Amino acid sequence: MNDAEHWFPIYIGLGSNLDMPERQVGEALDLLDRVGGIRVVSRSSLYRSAPLGGIEQPDFVNAVAAGLTTLEPADLLAALQDIENERGRKRDGTRWGPRIVDLDLLVYGGRTIDEPGLTVPHPGIATRNFVLLPLGEIAPELVIPGLGRVVSLPVDRHEPEISRIE
């Protein structure tokens, strides 16, 4: 079997804090499942979290989706960015600013990737409760390359403030 026929497990973080964020995350999940070569197999609850970075903005709604893909990592990243663009995401260079939708490739199989524009596992996984809590909900035993099992990673449930909303 060649790689084009192999389905790799993937985990994708989703977030939004503009234009009805719960709806934005839900619609992004639907769009993700419609991309050829991607199958969403489960998703976490939604979580409301305070924004990072000190920029005055609304709270975020976050979730994590587990899926399978036949796409290579760079092609998967391009598909995620296409969904962001389709939903109206504007990239103005502001770090941690407000977003219509944000899709982050968190984990791609057991691979470690460090290429221009693509780092997997996502470098923020271990420090972001809005990733760890939903990821732990759907995949507590997932081994993140270089970090260990999700369930063993420490989670600060107060920074940023976070709560489950569904």
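What percentage of the contacts in the protein with a separation of 6 or more is accounted for by residues 24 or more positions apart? In this predicted model, such residues account for 68% of those contacts, a contact being defined by heavy atoms within 4.5 Å. The model is a prediction in which local features need pLDDT of at least 70 and side-chain atom pairs count only at pLDDT 80 or more, while totals for chains, interfaces and linings use all residues. Residues are numbered from 1 along each chain as its sequence is written, and side-chain values use heavy atoms, with hydrogens and water left out.

The protein contains 3 helices and 10 strands, assigned as DSSP runs (H or I of at least four residues for helices, E of at least two for strands) and numbered from the N terminus. Along the sequence the elements follow the pattern β-α-β-β-β-α-β-β-β-α-β-β-β. The C-alpha trace spans about 50 × 35 × 30 Å along the principal axes. The radius of gyration of the protein is 15 Å, in agreement with the value near 15 Å for a compact globule of 166 residues; this radius is taken over C-alpha atoms, and the globule rule is 2.2 Å times the number of residues to the power 0.38. The accessible surface comes to about 8400 Å², and 51% of that surface belongs to carbon and sulfur atoms; areas were computed by the Shrake-Rupley method with a 1.4 Å probe, and for residues only the protein chains shown count as cover. Of the 166 residues, 47% are buried, where buried denotes under 20% relative accessible area, exposed over 50%, and partly exposed the range in between (1.4 Å probe, protein chains only).

Helix H1 comprises 14 residues (21-34) and reaches 20 Å from its first C-alpha to its last, close to the 20 Å expected at 1.5 Å a residue; the expected span is 1.5 Å times one less than the number of residues. Its buried residues are Pro-21, Gln-24, Val-25, Ala-28, Leu-29, Leu-31 and Leu-32. These residues lie on the same side of H1 because they cover an arc of only 165 degrees around the axis, the arc being that of the directions from the helix axis to the C-beta atoms. Their cover includes strands S1 (8-16), S2 (38-43), S4 (60-69) and S5 (102-108), together with helix H2 (73-86).

The loop between S1 and H1 holds Asp-19 and Met-20. Phi is near 55 degrees for Asp-19, a positive value in a residue other than glycine, and near 60 degrees for Met-20, likewise positive and not in a glycine. Asp-19 is partly exposed at 44% relative accessibility, whereas Met-20 is exposed at 53%. Most residues other than glycine have a negative phi, and most peptide bonds are trans. Two cis peptide bonds can be described here. One runs from Val-120 to Pro-121, with omega near -5 degrees, and Pro-121 lies in the loop between strand S7 (118-120) and helix H3 (129-138). Another runs from Glu-159 to Pro-160, also with omega near -5 degrees; Pro-160 lies in the loop between strand S9 (148-149) and strand S10 (162-164).

Two glutamines were also examined. Gln-57, in the loop between strand S3 (47-49) and S4, is buried at 12% relative accessible area. The side chains of Gln-57 and Asn-17 are joined by a polar contact of 2.9 Å, that is, a pair of N or O atoms within 3.5 Å; within protein, one atom must be able to donate a hydrogen and the other to accept it, and residues adjacent in sequence count only if both atoms are side-chain atoms. Gln-81 belongs to helix H2 and is partly exposed at 32% relative accessibility.
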